[in-house]
Amino acid sequence: MKLNELTIKEARAGLDTKKFSAVDLAKACLERIKERNSEINAFITVCEESALQEAKRADEMIAKGEALPLTGIPFSVKDAIDTANVRSTASAKILDNYIPPFDATVVKKIRQQGGVLIGKTNCDAFGHGASNENSMYGPVRNPHNLSKVAGGSSGGSAASVADNMCLFSLAEDTGGSIRQPASFCGIVGLRPSYGRNSRFGIMPMASSFDTVGPMTKTVEDMAIVMQVIAGQDNLDATTVPDRVPDYLSEIGGSVKGLRVGVPREYFDNDNIDKEIKKIVEAQIKNLEKQGMKIVDVSLPLTKYAIAVYYILVPSEDSSNLGRLDGVRYGVRAPGESLFDLYAQSREQGFPEEVKRRILIGTYALSAGYYDAYYKKAQQVRTLIRQDFDRVFGEIDVLVTPTSPFAAFAIGEKANDPIQMYLADIFVSPACSAGIPGISVNGGFTKSGLPVGVQIMGPRLSEGLVMKVANNLSK
Amino acid sequence: MSISIEEVRKIAQLARIKLTTEEEQRHAQTISTVLDFVRTLNEVDTTGVEPTAQVTGLEDVVRFDMTEDCPHKKELLAQMPLVENNLLKVPAVFKDSEE
């Protein structure tokens with residue numbers, strides 16, 4: 001087996017027993033990237049030189065017996081997340097030349113341990129999309145089938161892990177952007193509870209929806225990375241003070257007697273591919289065999305989640321993206337007046353979907369429309385939260401498909417925004433409620449495409465959600 | 001269409017984006033479709049329901065009002081598109097009285 005094909009757990013063992021070095025491991029990943037990136041386009045920036053230096057320092061830590069869980073482990077970071085002294089574009093031309101002076105908190109925690117930053121991954125610009133076709137640096141192709149999308153918005157991160165270009169990735173999920181590409185690429189993706197991980201250095205999209213989470217090859221690896229990055233941060237006032245549990249011991253516990261809710265709205269024949277439904281239902285039987293109790297439940301507000309999302313997120317988004325104006329950083333278009341400078345920089349620097357959402361958000365928040373759209377959506381959001389609260393009174397976790405279909409063809413949905421938005425019907429509700437959701441591979445379609453199964457739990461139940469997911473993949 | 005090209009023009013002005021005529025047309029169409037789609041929320045009875053602004057329930061997260069020196073001054077200046085005498089250069093703010 002090639003070194004880049006290892007899991008974090010296996011790599012840790014190999015590094016600590018000196019079977020190979022962190023430099024060997026980094027070189028294997030860089031080799032793979034050279035081999036495959038021109039086809040897959042997972043990376044916008046590859047950090048060959050600095051990665052090898054970081055790997056060398058990691059080897060020194062290991063030699064001194066000072067290795068921590070992620071020392072020497074090569075990882076990628078979505079380009080919408082700040083990495084010190086490494087170009088970060090968010091896949092938009094307006095930041096084509098932007099070099100952050102600081103690391104995002106979650107990145108810092110990993111690099112301080114000696115994690116090796118291999119490169120920055122392609123994504124839908126500023127997180128806007130469900131296919132990675134809204135990148136101004138070209139689409140990302142699915143490693144399982146190059147004519148298909150990798151999913152979005154974290155397509156590059158998903159593909160980089162699925163294709164063994166690195167051992168894990170850090171990405172963000174606002175409306176499904178970690179879970180959906182994880183499902184399309186057959187890997188594990190966790191959206192943590194809102195406030196569990198620090199958003200400092202995560203380029204903001206929708207401040208009350210954004211989360212940052214890992215993408216890994218296994219659930220055990222997920223627990224390892226979450227242990228390192230989770231926790232309160234003084235630089236992010238929306239992080240919760242709750243103690244971070246021992247995730248590795250939580251995922252190993254028994255699942256007997258756990259009540260698994262199957263919400264009927266997620267299995268409605270009108271909304272889901274027959275093949276997907278069969279695969280997920282087979283996985284539910286798998287859980288039952290392990291002693292979990294399967295309970296039929298209903299979440300009637302499910303069908304409104306996308307509408308709520310596409311009012312609130314563009315609104316918060318239009319506000320956050322106001323900072324990208326060509327004035328203090330990024331690419332400044334020439335302009336005779338100040339207005340021209342703003343208007344041209346933003347026209348040239350953003351792709352179509354980003355402009356669309358800024359316009360929708362500006363409209364929804366403008367005088368005369370605020371109550372009809374924004375306030376109404378916030379109220380329905382409350383009802384969605386209550387829907388989940390009620391159901392979690394009867395069951396411990398929910399199991400659903402992650403996506404209504406497997407990876408679609410590049411270009412298939414690019415011209416129909418609503419069709420693209422509906423790709424997120426199963427991952428969107430968790431975002432309104434601020435609850436965690438994990439996607440693990442549950443099987444493959446007849447044509448060989450991965451199908452993700454999603455587990456959701458109450459707020460701050462990452463350990464439980466990972467435990468059930470861990471048992472699914474057995 | 002739920003939204004006219006004039007309205008798109010007005011919003012683009014507020015959002016400081018200079019759209020082409022083609023884009024104005026396209027956006028008027030797609031945004032109308034999105035607005036029609038989100039109107040389904042009117043089916044939901046929200047009488048007396050509190051709006052959700054944030055999901056953590058946290059309140060008044062504060063710190064002491066103390067100044068700290070910025071450690072990244074050089075790097076931040078290096079990111080600025082146009083610098084003169086260690087100052088960020090921009091077009092005159094009050095030159096055009098219409099805007």
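Arg264(A) is partly exposed, at 47% relative accessibility; here buried means under 20% relative accessible area, exposed over 50%, and partly exposed in between, with a 1.4 Å probe and protein chains only. Asp296(A) is exposed, with a relative accessible area of 55%. Arg264(A) and Asp296(A) form a salt bridge, with the closest N and O atoms 3.5 Å apart. The pair links distant parts of the chain, 32 residues apart: Arg264(A) is in the loop between strand S9 (259–263) and helix H9 (274–289) of chain A, and Asp296(A) is in strand S10 (residues 293–297) of chain A. A salt bridge is defined as a side-chain nitrogen of Lys or Arg within 4 Å of a carboxyl oxygen of Asp or Glu. Helices (H or I, at least four residues) and strands (E, at least two) are DSSP runs, numbered from the N terminus.

The model is predicted: local features need pLDDT of at least 70 and side-chain atom pairs count only at pLDDT 80 or more, while totals for chains, interfaces and linings use all residues. Residues are numbered from 1 along each chain as its sequence is written, chains are lettered from A and ligands numbered from 1 in the order in which they are written, and side-chain values use heavy atoms, with hydrogens and water left out.

Over all chains, the count comes to 29 salt bridges. One of them joins Arg111(A) to Glu54(A), whose closest N and O atoms are 2.9 Å apart. Arg111(A) lies in helix H4 of chain A and Glu54(A) in helix H3 (residues 48–63) of chain A, so the pair ties together parts that are 57 residues apart in sequence. Glu54(A) is buried, with a relative accessible area of 10%. A network of salt bridges links Arg32(A), Glu35(A), Arg36(A), Glu39(A) and Asp163(A).

## A salt bridge between chains

Arg26(B) and Glu352(A) meet through their side chains in a salt bridge of 2.7 Å, N to O. This pair crosses between chains, from helix H2 (residues 21–38) of chain B, which holds Arg26(B), to helix H12 (residues 352–365) of chain A, which holds Glu352(A). Arg26(B) is partly exposed, with a relative accessible area of 34%, and Glu352(A) also counts as partly exposed, at 24% relative accessibility.

The largest pocket has a volume of about 1,000 Å³. Of the 35 residues that line it, Asp82(A), Phe102(A), Phe200(A), Gly201(A) and Leu235(A) are the closest to its centre. Helix H4 (residues 105–112) of chain A gives the most to this lining, with four residues. By class, the lining has 18 nonpolar, six polar and 11 charged residues. In this scheme Ala, Val, Leu, Ile, Met, Phe, Trp, Tyr, Cys and Pro count as nonpolar, Asp, Glu, Lys and Arg as charged, and the others, Gly among them, as polar.

The second largest pocket has a volume of about 360 Å³. Its lining comprises 20 residues, of which Asn271(A), Thr302(A), Lys303(A), Leu422(A) and Ile425(A) lie nearest its centre. Helix H10 (residues 305–320) of chain A gives the most to the lining of this pocket, with three residues. The lining divides into 11 nonpolar, four polar and five charged residues.

## Cavities

The count comes to three cavities of 30 Å³ or more. On a 1 Å grid over the protein atoms alone, a cavity is a set of points where a 1.4 Å probe fits but cannot get out, whereas a pocket is an open set with protein on both sides within 12 Å along at least five of seven lines; lining residues have an atom within 4 Å of a point. Grid points are joined across faces, edges and corners, and a volume is the space filled by probe spheres set on the points.

The largest cavity has a volume of about 70 Å³. Its lining includes Gly127(A), Gly152(A), Tyr309(A), Arg357(A) and Asp424(A). By class, four nonpolar, six polar and two charged residues form the lining of the largest cavity.

## Helix H7 of chain A

Helix H7 (residues 219–229) of chain A is mostly covered, with nine of its 11 residues buried. Among the buried residues are Val219(A), Asp221(A), Met222(A) and Ile229(A).
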